[in-house]
Amino acid sequence: MVTAQGMGLKTPISFSACALSAVVLSGCAGDPDRYPSLAVRDIERTAGQFATGGSDTAPPQITAVADTADIQSIMERARTSFMKFEANAVPARREIKAARGQASDSSDYTNALLTLADLSSLRSETALALGEMDLLAAKAKTEFAPTQTLEDAQAQIVSLVEQQDIILAQLWGELGS
């Protein structure tokens with residue numbers, strides 16, 4: 001038996017208070033015909049099928065996001081900027097040798113910095129071609145289009161950018177030592 005003393009109340013809970021609460025709460029149940037039932041309705045029991053395309057409709061065609069000419073054009077831009085980079089790396093080495101040991105305000109040192117800036121710009125052109133290829137590859141993956149050709153082209157351009165990074169790191173190291 002619950003007592004008011006056990007609950008920390010000063011006055012005992014009377015039987016009449018409990019009875020009154022029960023009567024008031026029973027009013028919440030109300031009339032079952034007055035509210036909609038939560039039972040499954042007939043419309044919810046209806047079975048159906050989704051159209052699967054059937055034999056009279058052709059499956060959607062998956063097309064490449066870029067044709068071979070587009071991919072070759074991007075590859076050609078990457079190769080061209082790489083060849084320019086390589087051609088400019090040879091004279092850059094000579095200028096860096098001339099600038100080694102010079103003061104940072106000397107004309108040889110300034111020329112070496114400008115040459116390195118030009119090489120970095122050419123590397124950026126190769127990286128831009130890689131960015132375009134990356135966008136095409138991402139689009140192909142999101143559209144479930146073939147990606148093998150794009151991934152092969154990406155790998156080739158990544159190799160070019162990595163070679164340029166190695167050369168630039170060497171040249172900066174030579175200038176700093």
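Visitor: Where does Phe144 sit?
Guide: In the loop between α4 (107-142) and α5 (148-176). Keep in mind that this is a predicted model.

Visitor: What is its phi?
Guide: Phi of Phe144 is near 55°. That is a positive value in a residue other than glycine.

Visitor: What do most residues do there?
Guide: Most residues other than glycine have a negative phi.

Visitor: Is Phe144 buried or exposed?
Guide: Exposed, because the relative accessible area of Phe144 is 69%, and the cut-off for exposed is over 50%.

Visitor: Switching topic. How many helices and strands are there?
Guide: The protein chain has 5 helices and 0 strands. Along the sequence the pattern reads α-α-α-α-α.

Visitor: How do α3 and α5 cross?
Guide: Their axes come within 10 Å, and the crossing angle is roughly 10°. Helix α3 covers residues 68-99. Angles under 35 degrees count as roughly parallel, so α3 is roughly parallel to α5.

Visitor: Which residue classes make up that contact?
Guide: The contact of α3 with α5 has 18 nonpolar residues, 6 polar and 3 charged.

Visitor: And the whole chain, how much of it is buried?
Guide: 23% of the 177 residues count as buried.

Visitor: Last one. What share of contacts join residues at least 24 apart?
Guide: 74%, counted among contacts between residues at least 6 apart in sequence.

Methods:
Residues numbered from 1 in each chain as written. Predicted model: local features only at pLDDT ≥ 70, side-chain atom pairs only at ≥ 80, totals over all residues. Heavy atoms only, no water. Helix = DSSP H or I, 4+ residues; strand = E, 2+ residues; numbered from the N terminus. Buried < 20%, exposed > 50% of the residue type's maximum accessible area, 1.4 Å probe, protein only. Contact = heavy atoms within 4.5 Å. Axes fitted to C-alpha atoms, helices over the stretch in contact; angles between N-to-C directions. Parallel < 35°, antiparallel > 145°, perpendicular 65-115°, else oblique. Nonpolar A, V, L, I, M, F, W, Y, C, P; charged D, E, K, R; others polar.
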